[in-house]
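Reader: Please walk me through this model, with the cut-offs behind each term.

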Amino acid sequence: RLVLADGVYHAAALTGGKPDVIIDMATLTGAQRIATGKNHAGVFTNSDEWEMKMGVDGRKCGELSFPLLYTPEFHGPEFSSKVADCRNSVRNRSNAQSSCAGNFIADNLPKDFKGAYVHVDMAGPATNNEIATGWGPALLAQIISADRF
């Protein structure tokens, strides 16, 4: 989680905070399976447009996703700490853990980042009976395909 947070920070900072979108994909939480099931990744994004694109592109390529709650005002406080800058895990495990984890990563973007942020928690579809499925590359390829731009 910490390495991913650093990665999204540097992806934005090394481009002057100006990319239109930053997309990360990770098997970040087992809670994603509870939120969206084993066949659909969870999408946490600050952009209604990208939330829709992820769903449409996932259906086109067969790598399905479903939106996670995006309410930073409820998820951010889960990481407050009396002894550190922030906690690395949620305080309340019943408060939309997958959304909270996405919010944790998003909170590490540079403050001047104005683009869309898309976090894909793919813990569910990434494995089947503890065997990797290869989920993800088809969705990324669909997203960046020529008919997108």
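This is a predicted model: local features need pLDDT of at least 70, side-chain atom pairs count only at pLDDT 80 or more; totals for chains, interfaces and linings use all residues.

Reader: In what order do the elements of the chain run from the N terminus on?
Author: Helices (H or I, at least four residues) and strands (E, at least two) are DSSP runs, numbered from the N terminus. The chain has six helices and six strands. Their order is α-β-α-β-α-β-α-α-β-β-β-α.

Reader: What percentage of the residues of the chain count as buried?
Author: Buried means under 20% relative accessible area, exposed over 50%, and partly exposed in between, with a 1.4 Å probe and protein chains only. Accessible areas come from the Shrake-Rupley method with a 1.4 Å probe; for residues, only the protein chains shown count as cover. The chain exposes about 8300 Å², of which carbon and sulfur atoms supply 55%. Of its 149 residues, the buried share is 42%.

Reader: Among contacts between residues at least 6 apart in sequence, what percentage join residues at least 24 apart?
Author: Contact means heavy atoms within 4.5 Å. Among the contacts in the chain that pass the limit of at least 6, the share joining residues at least 24 apart is 72%.

Reader: Within what arc do the buried residues of α1 fall?
Author: The buried residues of α1 are Ala5, Val8 and Ala12. Seen down the helix axis, they line one face, because their directions, taken from the axis to the C-beta atoms, fall within an arc of 65°.

Reader: Which residues are exposed on the other side of α1?
Author: The buried residues of α1 pack against β1, α5 and β4 (116–121). On the other side, the exposed residues are Leu2 and Val3.

Reader: How far does α3 reach from its first C-alpha to its last?
Author: The expected span of a helix is 1.5 Å times one less than its number of residues. Helix α3 (residues 48–61) has 14 residues, and its reach is close to the expected 20 Å: 20 Å.

Reader: Which residue just after α3 takes a positive phi?
Author: Within α3, the buried residues are Trp50, Lys53, Met54, Gly55, Asp57 and Gly58. Just after the helix, a positive phi of about 90° is taken by Gly62.

Reader: How many of the residues of α5 are buried?
Author: What covers the buried residues of α5 includes α1, β1, α2 (31–36), β2, α4 and β4. Helix α5 is largely enclosed by the rest of the structure, because the buried count among its 10 residues is nine.

Reader: Which residues does Asn103 contact, leaving aside its neighbours within four places in sequence?
Author: Asn103 lies in helix α5 (residues 97–106). Asn103 is buried, with a relative accessible area of 2%. Its contacts are Phe44, Pro72, His75 and Gly76.

Reader: How many residues apart in sequence are the parts that the aromatic pair ties together?
Author: Rings of Phe, Tyr and Trp (its six-membered ring) pair if their centres lie within 6.5 Å; planes under 30 degrees apart count as stacked, over 60 as edge-to-face and the rest as tilted. The structure holds one such pair: Phe44 and Tyr70, tilted, at 4.9 Å centre to centre and 50° between the planes. Phe44 is buried at 0% relative accessible area, whereas Tyr70 is partly exposed at 36%. Phe44 lies in strand β2 (residues 41–45) and Tyr70 in the loop between β3 (65–67) and α4 (72–75), so the separation in sequence is 26 residues.

How values were computed:
Residues are numbered from 1 along each chain as its sequence is written. Side-chain values use heavy atoms; hydrogens and water are left out.
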